[in-house]
Amino acid sequence: MKRIIYIVFIFLGIINISCHSEVNYVMRENQDIPNMQWIFSEKPSFNIDIQDTTENYILGFCIRYNNDYPDANIYLFVHTQFPEGEKSIDTLSIDLFYPDGTPTGSGKYIKELNVNVSQVRFPQIGRYILDIEQASRRDTLQGIAAVGVYLLSDSKNEGYGKEEK
């Protein structure tokens, strides 16, 4: 009996180790979209505090959605404000469904898709503010549960997400 319990604990330990990959987030934040209806005027805002301008980072976005989302992809405007006040705008297109209609994210009712967008080195120490704006031609996007931003230290996460689809 003791041997069976010992084997069960070893098995559970192996499962626990394999299910928790070591991803070192510098920051990760998701913001819920009320009623899963992203209104055009709502722009979730995220703060990223940078202390090291020599570090390479991986910037990524998280989209939580369901099958009510009407399109194959989502377009986003990412408004960035730098610590010294400069501003920039980037446009992103993220595929939420494959051409056959299968979701690219994982999950049952709510799908989650994490997309590494770029490797970046921040030029200034301080707080960067990212405002995410939905850039569809609709005033309200159905089926978006949450939007998020994450930042990884590239040196601590070598190879993470290189093949992510």
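Threonine 104 is buried, since its relative accessible area is 14% and buried means under 20%, with exposed over 50% and partly exposed in between (1.4 Å probe, protein chains only). This residue sits in the loop between β6 (87–95) and β7 (111–120); strands here are DSSP runs of E with at least two residues, just as helices are runs of H or I with at least four, and both are numbered from the N terminus. Setting aside neighbours within four places in sequence, threonine 104 is in contact with Tyr65, Asp95, Leu96, Phe97, Tyr98 and Leu113, where contact means heavy atoms within 4.5 Å.

A word on the ground rules before we go on. The model is predicted, so local features need pLDDT of at least 70 and side-chain atom pairs count only at pLDDT 80 or more, while totals for chains, interfaces and linings use all residues. Residues are numbered from 1 along each chain as its sequence is written, and side-chain values use heavy atoms, with hydrogens and water left out.

Let us follow one of those contacts, Leu96. Leucine 96 also lies in the loop between β6 and β7, and it is buried because its relative accessible area is 0%. Beyond the residues up to four places away in sequence, leucine 96 touches Ile63, Tyr65, Tyr69, Ala72, Asn73, Ile74, Thr102, Pro103, Thr104, Gly105, Leu113 and Ile144.

Leu96 brings us to the core. Nonpolar side chains tend to be buried together in soluble globular proteins. In this model the largest nonpolar core has 30 residues, and Leu96 and Ile144 are those with the most contacts inside it. Such a core is a set of buried Ala, Val, Leu, Ile, Met, Phe, Trp, Tyr and Cys residues joined through side-chain atoms within 4.5 Å. At least two residues of this core come from each of β3, β4 (57–65), β5, β6, β7, β8 (126–134) and β10 (144–153). Strand β4 gives the most, with five residues.

Now for the rings. The structure holds five aromatic pairs, counted when the ring centres of Phe, Tyr or Trp (its six-membered ring) lie within 6.5 Å; planes under 30 degrees apart are stacked, over 60 edge-to-face, and the rest tilted. Tyrosine 65 and phenylalanine 97 form an edge-to-face pair, because their centres are 5.6 Å apart and their planes stand at 75°. This pair links distant parts of the chain, with tyrosine 65 in strand β4 and phenylalanine 97 in the loop between β6 and β7, 32 residues apart. Both partners are buried: tyrosine 65 has a relative accessible area of 0%, and phenylalanine 97 has a relative accessibility of 12%. Elsewhere, ring pairs join Tyr57, Phe82, Phe122 and Tyr128 into a cluster.

Strands of a sheet pair through backbone hydrogen bonds, either parallel or antiparallel. Four strands make an open sheet here, in the order β3-β8-β5-β6 and with antiparallel pairing; two strands pair if DSSP finds at least two bridges between them. Its edge strands are β3 (45–50) and β6, each of which pairs on one side only. From one strand to the next the twist averages 25°, with axes as lines fitted to C-alpha atoms (for helices over the stretch in contact) and angles running from 0 to 180 degrees between N-to-C directions. Nine bridges join β5 and β6 in the antiparallel sense, and threonine 80 stands opposite serine 88 in β6.

Glutamine 81 lies in strand β5 (residues 73–81). This glutamine counts as partly exposed because its relative accessibility is 31%. Apart from neighbours within four places in sequence, glutamine 81 is in contact with Glu86, Lys87, Arg127, Tyr128 and Ile129. Leucine 130 is 49 residues from glutamine 81 in sequence, yet 6.6 Å away in space, C-alpha to C-alpha.

Asparagine 35 has a phi near 55°, a positive value in a residue other than glycine. Methionine 36, in the loop between β1 and β2, likewise has a positive phi of about 55° although it is not a glycine. Asparagine 35 is exposed, with a relative accessible area of 69%, whereas methionine 36 is buried, with a relative accessible area of 18%.
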